[in-house]
Amino acid sequence: MNRGFRFACSLAGGGRGLRLASFILLCAYAAFAEPDLRSLTTAVDAHYNRIRTLEAQFTETYSGPGASRTESGTLLLKKPGRMRWDYTEPRPKLFLVDGQTAWFYVPGENQVRRTPVKQIDDLRSPLRFLLGKTNLAKEFDNLHIAANEKPVNSGDVVLEGVPKGLRERVSRTLLEVANDGNIRRIVVEEMDGSVTEFRFLQQKENVEIPDARFRFAPPDGVEVVSGTLE
């Protein structure tokens, strides 16, 4: 009998050894156990409550009845309550929230649409919860870990829920969350079967973003139309 085997037997043979062995097993289990919902939402809340601004490159992919498209551009977020989506591919367009009003404009068109922030019915609106004091669990109904959804990035976890205020339009939303609480992907599935996916890359936190980037003045000759942003 070698010394290592005799040592293992002596641990198993005594109460102290059993307690030590149990402790080691518990540590091993904790290391490999699935993350729980509360720890994930706490990580997301802590992550976004630390930041003042965020800049990221995004890709938006839509697939629905008889249509599909992929767009990309730059996203800017700044607290309190401001965000700017500059689409560059395949054509320029702008979706901007200045804290009070949301604007949607396609350069070259003769109309710009606006609506009060409180009336936004837009699939980009789930990101608004990042613009105040973040509390993820209060922003989504039936929030839970989507154990059957495979994340795009290894090691991430996917959460599922329905954004409050969008239940009549959205059947579910998936949030892919990294270990540090960073949201890397959002998937929105609508009642009509269409799916919109946002992926966020090259994220930069607490960078300087001038307030002017979140102001919009309609170009001369462009009509301002109030209503929903579609």
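Colleague: Is Phe58 buried or exposed?
Modeller: Keep in mind that this is a predicted model. Buried means under 20% relative accessible area. Phe58 comes out at 2% relative accessibility, so it counts as buried.

Colleague: And what is the relative accessibility of Trp85?
Modeller: Same cut-off here: under 20% is buried. Trp85 counts as buried, because its relative accessibility is 0%.

Colleague: Which kind of aromatic pair do Phe58 and Tyr87 form?
Modeller: Their centres are 5.0 Å apart, and the planes make an angle of 80 degrees. Planes over 60 degrees apart count as edge-to-face. So by that rule the Phe58 and Tyr87 pair is edge-to-face.

Colleague: How many residues apart in sequence are the parts that this pair ties together?
Modeller: Phe58 sits in strand E1, while Tyr87 belongs to strand E3. The pair therefore ties together parts whose separation in sequence is 29 residues.

Colleague: What about Tyr87, buried or exposed?
Modeller: Its relative accessible area is 2%. With the limit for buried at under 20%, Tyr87 is buried.

Colleague: Which residue lies over the face of Tyr87?
Modeller: Look for a charge here: NZ of Lys or CZ of Arg has to be within 6 Å of the ring centre. At 4.7 Å from the ring centre of Tyr87, the residue over the face is Lys93.

Colleague: Which residues form one aromatic cluster?
Modeller: Phe58, Trp85 and Tyr87 are among them. The cluster also takes in two other Phe residues, Phe198 and Phe200.

How values were computed: Residues numbered from 1 in each chain as written. Predicted model: local features only at pLDDT ≥ 70, side-chain atom pairs only at ≥ 80, totals over all residues. Heavy atoms only, no water. Buried < 20%, exposed > 50% of the residue type's maximum accessible area, 1.4 Å probe, protein only. Phe/Tyr/Trp six-rings, centres within 6.5 Å; stacked < 30°, edge-to-face > 60°. Helix = DSSP H or I, 4+ residues; strand = E, 2+ residues; numbered from the N terminus. Lys NZ or Arg CZ within 6 Å of the ring centre and 35° of its normal.
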